[in-house]
Amino acid sequence: MAKKFMYINRKAPYGTIYALESLEVVLIGAAFDQDVSLAFIGDGVYQLTKGQDTKAIGQKNFSPVYSALGDYEVTKIYIEKESLEERGLTLDDLQHLVWEDEDEDYAEKDSIRLVSRAELADVLDEQDVLLSF
Amino acid sequence: MKFALQINEGPYQHQAADSAIQFTKAALAKGHEIFRVFFYHDGVNNATRLAIPPQDDRNITQEWVKLQKEHNLDLVVCIAAAQRRGLIDEDEMNRQGKDANNISEGFRISGLGQLIEAGIEADRLIVFGA
């Protein structure tokens, strides 16, 4: 039986390598047919911001990879509402992530679920495996 | 209970490596099973055999080696994280044309799938550091 895996992303995309190496685990883990979801909390919400430009810091901009998560059947992406608000961000500042539902003639559906801190706590409680980055 | 451990930080710099060793000892002493220890991020540096900590300090790599021998632990170093940071075994040294290798006995290098498998197989996956 599939386990519920959740990847909790807590750090800004650059400055440390945690965000990039978390994404590498998610992509590899997608091959294991588990029930996968991602959460972005704290500075982790910056990982999904639109229009990232890393030229000036001489690092690879890996943010386009998030838009491919739907193709890896990663379709549940939780964003903590308070974390956005505390940083003066709204969902409009984030990439629009979608997946195609093959059971509904490949209808495009939103992957992002905006949840409160309390709601996210309930989602965490349901998980079998929490990987925190 | 069957535990798997993920270690995300390097030795001496961060408490995570020490806590993981202490957790492992305590769990084994209580009769629990350690399914696998997976070293990721800077945690891969716990596997170098070339570290020379001061003589009056603990030797974290050697502590892992000792535990591995006593309990036949599966100590796995993430290959992607290790290559980035210059941690390589003899096979990788030859494959990549490098002039040295530094992985200690008792550790093996493998892929991230080993971490996911550990999450699936273990009753609990415990993350140390980050």
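1. On the face turned away from its buried side you'll find the exposed residues B:K69 and B:E70. Keep in mind that this is a predicted model.

2. Now for the buried side. In helix 2 of chain B, the residues B:I60, B:T61 and B:W64 are buried. They sit on the same side of the helix, because the arc they cover around the axis is only 105°. As for their partners, the buried residues of this helix pack against helix 1 (15-29) and strand 3 (75-78) of chain B.

3. A quick check on the length of helix 2 (residues 60-71) of chain B: with 12 residues at 1.5 Å a residue, it should span 16 Å, and its end C-alpha atoms are 16 Å apart, so the two agree.

4. Which residues have the most contacts inside the largest nonpolar core? They are B:L5, B:I7, B:V37, B:F38, B:F39, B:V77 and B:C78, in a core of 67 residues. Take B:I7: leaving aside neighbours within four places in sequence, its contacts include B:A16, B:A20, B:V37, B:F39 and B:F128.

5. Finally, look at where the chains meet: 14 residues of chain B are in contact with 15 residues of chain A. On the chain B side, helix 3 (79-84), helix 5 (113-121) and strand 5 (124-128) each supply at least two residues. Helix 5 gives the most, with five residues. By class, this side of chain B has 10 nonpolar, four polar and no charged residues.

How values were computed. Residues numbered from 1 in each chain as written. Chains lettered and ligands numbered in written order. Predicted model: local features only at pLDDT ≥ 70, side-chain atom pairs only at ≥ 80, totals over all residues. Helix = DSSP H or I, 4+ residues; strand = E, 2+ residues; numbered from the N terminus. Expected span 1.5 Å × (residues − 1). Buried ≥ 20, exposed ≤ 12 C-beta atoms within 10 Å, placed from the backbone. Arc of directions from axis to C-beta. Contact = placed C-beta atoms within 7 Å. Core = buried A, V, L, I, M, F, W, Y, C linked by C-beta atoms within 7 Å. Nonpolar A, V, L, I, M, F, W, Y, C, P; charged D, E, K, R; others polar.
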